[in-house]
Amino acid sequence: MGEGKGIGIVFGMIGFAGMTALSGPAMAQSSDTLLVLASVGGECTVTGATLDFGAYSGTQKDVEIPISFSCNSPTNIAISMDGGATGDPNGRQMFNGDFSSQILYELYRDGGRTQLWGVFPEDSADFASATTGSPTVFGRIPGGQSPLPGSYSDSVTITLTTN
């Protein structure tokens with residue numbers, strides 16, 4: 001190869017590199033997300049309890065127990081309770097281990113046991129501008145039932161709703 005051709009290739013490469021340098025540095029990009037959070041009062045928790053009727057002998061039995069709630073700022077809340085295993089707050093039942101026998105029971109919001117404690121909003125307990133509280137659950141097993149001997153239980157979900 002002749003001397004003239006090699007010099008042309010070198011000058012050509014220098015020219016190309018010079019043009020690239022004049023066009024500016026190559027840009028690089030990367031992206032990610034920013035998680036944006038805020039808190040506006042009303043953050044609340046509710047804590048249940050165990051309502052133990054003890055031994056049932058066929059006569060009406062009443063018991064009561066407090067539950068509790070706590071909010072990080074004054075908030076209007078409603079506390080409701082589902083129907084347990086039956087799904088119906090108007091027909092709650094405790095069942096024995098093999099579901100061959102049951103005991104009817106009721107949960108109320110008042111000591112006179114006239115206000116059923118049920119679902120939101122109809123039968124919930126309401127608390128205005130509350131931060132903490134210990135409302136009482138009033139339970140009743142009506143008399144006249146003859147369940148089989150054994151242990152009975154039900155699980156009721158307590159729901160706190162801010163409004």
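This is a guided tour of one predicted model, stop by stop.

Before selecting anything, note that local features need pLDDT of at least 70, side-chain atom pairs count only at pLDDT 80 or more, and totals for chains, interfaces and linings use all residues. Residues are numbered from 1 along each chain as its sequence is written, and side-chain values use heavy atoms, with hydrogens and water left out.

**Stop 1: the disulfide**

Select Cys-44 and Cys-71. A disulfide joins them, with S to S at 2.0 Å. The rule asks for a pair of cysteine sulfur atoms within 2.5 Å. By that rule the count is 1 disulfide. Look along the S-S bond: the angle about it is 110°, and the link of Cys-44 and Cys-71 is right-handed. The pair links distant parts of the chain, 27 residues apart: Cys-44 sits in strand β1 (residues 44–47) and Cys-71 in strand β3 (residues 68–81). Strands here are DSSP runs of E, at least two residues long, numbered from the N terminus.

Now colour by accessibility. Buried means under 20% relative accessible area, exposed over 50%, and partly exposed in between (1.4 Å probe, protein chains only). Cys-44 has 21%, so it counts as partly exposed. Cys-71 has 8%, so it counts as buried.

**Stop 2: Ala-78 in strand β3**

Stay on strand β3 and select Ala-78. Its relative accessibility is 0%, so Ala-78 counts as buried. Show its contacts (heavy atoms within 4.5 Å). Leaving out residues up to four places away in sequence, Ala-78 touches Phe-120, Ser-124, Ala-125, Asp-126, Thr-159, Leu-160, Thr-161 and Asn-163. Draw a C-alpha to C-alpha distance from Ala-78 to Asn-163: it reads 7.4 Å, across 85 residues of sequence.

**Stop 3: Ala-49 in a loop**

Go to the loop between β1 and β2 (61–66), where Ala-49 is found. Ala-49 is partly exposed, at 46% relative accessible area. With residues up to four places away in sequence not counted, Ala-49 touches Ile-65, Pro-66 and Ile-67. Ala-49 and Ile-65 are 16 residues apart in sequence, and their C-alpha atoms are 7.4 Å apart.

**Stop 4**

A salt bridge is a side-chain nitrogen of Lys or Arg within 4 Å of a carboxyl oxygen of Asp or Glu. The whole structure has 2 of them.

Take Arg-113 with Asp-62: N to O is 3.6 Å. Arg-113 lies in the loop between β6 (106–108) and β7 (125–133) and Asp-62 in strand β2, so the pair ties together parts that are 51 residues apart in sequence.

Then take Arg-140 with Asp-62: the closest N and O atoms are 2.8 Å apart. Arg-140 lies in strand β8 (residues 136–141) and Asp-62 in strand β2, so this pair ties together parts that are 78 residues apart in sequence.

Asp-62 is partly exposed at 35%.

**Stop 4: the largest pocket**

Finish with Leu-51, Asp-52, Phe-53, Met-94 and Asp-154. Of the 30 residues lining the largest pocket, these are the closest to its centre. The space in the pocket is about 590 Å³, a volume being the space filled by probe spheres set on grid points joined across faces, edges and corners. On a 1 Å grid over the protein atoms alone, a pocket is an open set of points where a 1.4 Å probe fits, with protein on both sides within 12 Å along at least five of seven lines; lining residues have an atom within 4 Å of a point.

Colour the lining by class: 20 nonpolar, 8 polar and 2 charged residues. Ala, Val, Leu, Ile, Met, Phe, Trp, Tyr, Cys and Pro count as nonpolar, Asp, Glu, Lys and Arg as charged, and the others, Gly among them, as polar.

Notes. Helix = DSSP H or I, 4+ residues; strand = E, 2+ residues; numbered from the N terminus.
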